[in-house]
Amino acid sequence: MEVTKEEITHLASLSNFSLGAEEITKLKADLENILRYISKLDELDVKGVEPTYQVFEMENVWRPDEIIAQDADREALLNLAKDSEDHQIKVPKVL
Amino acid sequence: MKIADKKTTAVSLVEASLKRIEETKDYNIFTFIDKDQALKKAQAIDDKIKKGENPGKLAGVPYALKANFLSKNRPADASAKILTEFISPVDSTTAEKLDKEGAICVGCVNLDAFAHGSSTENSYYGPTKNAKDKTRVAGGSSGGSAVAVALDCVEFATGSDTGGSIRQPASFNGVFGIKPTYGAISRYGVVAMASSLDVIGFFAKSAADLDLLMSVTAGKDEKDQTTLPDFYGSNDTELKKKSVGFIKEFMASEALDPEIKSALETKLAKLKDKGYKIVELSMPTLEYALAAYYIIQPAEVASNLSRYDGIRYGFRTENLKADDKTPLDLLFENTRSEGFMPENKRRIMIGNFVLSSGFYDAYFLKAAKARTLIIDEFNKAFADVDAILTPVSPNPAFKLGEKISDPVAMYLEDVMSVPVNLAGLPAVAFPVGENKAGLPLGLQIIGPRRSDKNLLKLTEELA
């Protein structure tokens, strides 16, 4: 399966990163190889088979809507951010 | 794995561990060494013992955390640039439980960034080297954990296994590793990779040690709604049939190393001598497991890694200048461009590809249906056998650099380990000696869900 350079750039933008020219060439070849391999699934007959999305045997785990104590406080969490002001995380200009 | 016999002290155990870490520095195992804290805790344990207080089931035992486990005031960067500078404000449930039983964390160990890889070569800190041959890979993604145990830096190490990340490095370095039943151990505080596949497990030097670690860490956790109700040690699935299977298609695989094949045949003969019935299983759908895995796993990776944006924690780009984009957009884009390793980018892009509208049915949905067929095939097998003995990987440890530029060749490393994750089953990897070149060989024993403890018992018989 061929993947165009435009498709690679589009996928990168969906993934929220940008790629250099060299990266695009390498990823194009890699993705084509990987897609060729996973297309092996075409050989498999799955007609009438239900999909499995998870293998956890429990369903609808309920618990009271109460806060379970976490040991990190507000200050500790704010300190992790590169920039904060007045107890809020600061980001660069949005517009 | 106990110091309760009073022949030694926690401080001397930790000192020996730190010395060994220093001696093995050129293997590139540890990404962080917590010397002062470890010695302080060891002293506290020794004081407790002196006073006659209960120091816990793992008192004084030095261990290493795979660096994708969060533990308070230690870095937890998953060997990924985008998480550098992240010092955890919380403990993962596993680290908390181990500490409570007196185990002493001496540091954090290397992995493929975000656990994406089968060799530890995708780490931001460079590869960890194989315990038996420095020109070869440690395996991965938990390469640091396996080598730390193999070279006696620690008594045990934590790991995570999404497609073989505990079992393959265990077999490459000649140690024991358990990939428990999906949901057996809390994942709270562990960096998520692919949520329907990820499990927490351990590396140690014996099945008995793994059993002790499971008994301390398994169980329901209010902080992780995907933990199963407590079953380990009390409500396990019994292995009553006295019958063990092997997979015909794996044995016939051209990729399978002849020495691994013969080691497996030797173990089957041993089981037969012990009165087990040996059953040849045909499991033709497993041939498609790797393809299904490399659709489902990247899809979940793409979702889980979308949270890394440079805003709340970790690395943030300095590069915010461009005419056509807002500074905030550039912050996201450049943080991610600079912060992810090439393999992280490949997986995110594959994931977004198989989930995109035109391709969802052809790839993701089809893989989810293949997953059902694989689970059915295991269920059918477990109607006849208690457990299945297979290789962990088709070959022993390969050379550093040998597969790094060919992602599909690297993915094929996982061909015999991923079916277990797709079905949520427990499996134990154990060493079976070395090949002629002196490289460790490993096998895995796979059982039905919740048969973890009995698999470890069977491993003891086999090892």
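What you're looking at is a predicted model, so local features are described only where pLDDT is at least 70 and side-chain atom pairs count only at pLDDT 80 or more, while totals for chains, interfaces and linings use all residues. Residues are numbered from 1 along each chain as its sequence is written, chains are lettered from A and ligands numbered from 1 in the order in which they are written, and side-chain values use heavy atoms, with hydrogens and water left out.

Let's start with confidence. pLDDT is the predictor's confidence in each residue, on a scale from 0 to 100. Chain A averages 91, and 100% of its residues score at least 70. Helices (DSSP runs of H or I, at least four residues) and strands (runs of E, at least two) are numbered from the N terminus. In chain A, confidence is highest in helix α2 (residues 21–38), at a mean of 96, and lowest in helix α3 (residues 74–79), at 92.

Now to chain B and its strand β4, residues 156–161. Here 6 of the 6 residues are buried, so the strand is largely enclosed by the rest of the structure. Buried means under 20% relative accessible area, exposed means over 50%, and partly exposed lies in between, using a 1.4 Å probe and protein chains only. In a regular strand the side chains alternate between the two faces of the sheet. Both faces of β4(B) are covered: Phe156(B), Thr158(B) and Ser160(B) are buried on one side, and Ala157(B), Gly159(B) and Asp161(B) are buried on the other.

Who are the neighbors of β4(B)? Two strands count as paired if DSSP finds at least two bridges between them. Strand β2 (residues 62–66) of chain B pairs with β4(B) in the parallel sense, over 2 bridges, and strand β6 (residues 199–204) of chain B pairs with β4(B) in the antiparallel sense, over 5 bridges. Ala157(B) takes part in both pairings: Ala64(B) has Ala157(B) as its bridge partner, and Ala157(B) also stands opposite Phe203(B) in β6(B).

Further along chain B comes strand β11, residues 440–446. With 7 of its 7 residues buried, β11(B) is largely enclosed by the rest of the structure. One side carries Pro440(B), Gly442(B), Gln444(B) and Ile446(B), the other Leu441(B), Leu443(B) and Ile445(B), and all of them are buried. β9(B) pairs with β11(B) in the antiparallel sense over 4 bridges, and strand β10 (residues 427–434) of chain B runs antiparallel to β11(B), joined by 6 bridges. Look for Ile446(B): Ile388(B) stands opposite Ile446(B), and Ala427(B) has Ile446(B) as its bridge partner. The hairpin of β10(B) and β11(B) has 5 residues between the strands, and there Gly438(B) takes a positive phi near 85°.

Next, the charged pairs. The structure holds 26 salt bridges over all chains, each one a side-chain nitrogen of Lys or Arg within 4 Å of a carboxyl oxygen of Asp or Glu. In chain A, Lys28(A) forms one with Glu32(A), with the closest N and O atoms 3.0 Å apart. These two residues are separated by about one helical turn because they sit 4 residues apart in helix α2 of chain A. Both Lys28(A) and Glu32(A) are buried.

Over in chain B, Lys325(B) and Glu333(B) form a salt bridge, their closest N and O atoms being 3.1 Å apart. Lys325(B) is partly exposed, at 35% relative accessible area, whereas Glu333(B) counts as buried, at 14%. Another salt bridge joins Glu413(B) and Lys403(B), at 2.9 Å from N to O, and both residues are buried. There is also a network, in which salt bridges that share partners join Lys26(A), Asp30(A), Glu343(B), Arg346(B) and Arg347(B).

For Cys105(B), the nearest cysteine sulfur is that of Cys108(B), 5.3 Å away. Cys105(B) is buried, with a relative accessible area of 3%. For Cys153(B), the nearest cysteine sulfur is that of Cys105(B), 13 Å away. Cys153(B) is also buried, with a relative accessible area of 1%.

Notes. A disulfide is a pair of cysteine sulfur atoms within 2.5 Å.
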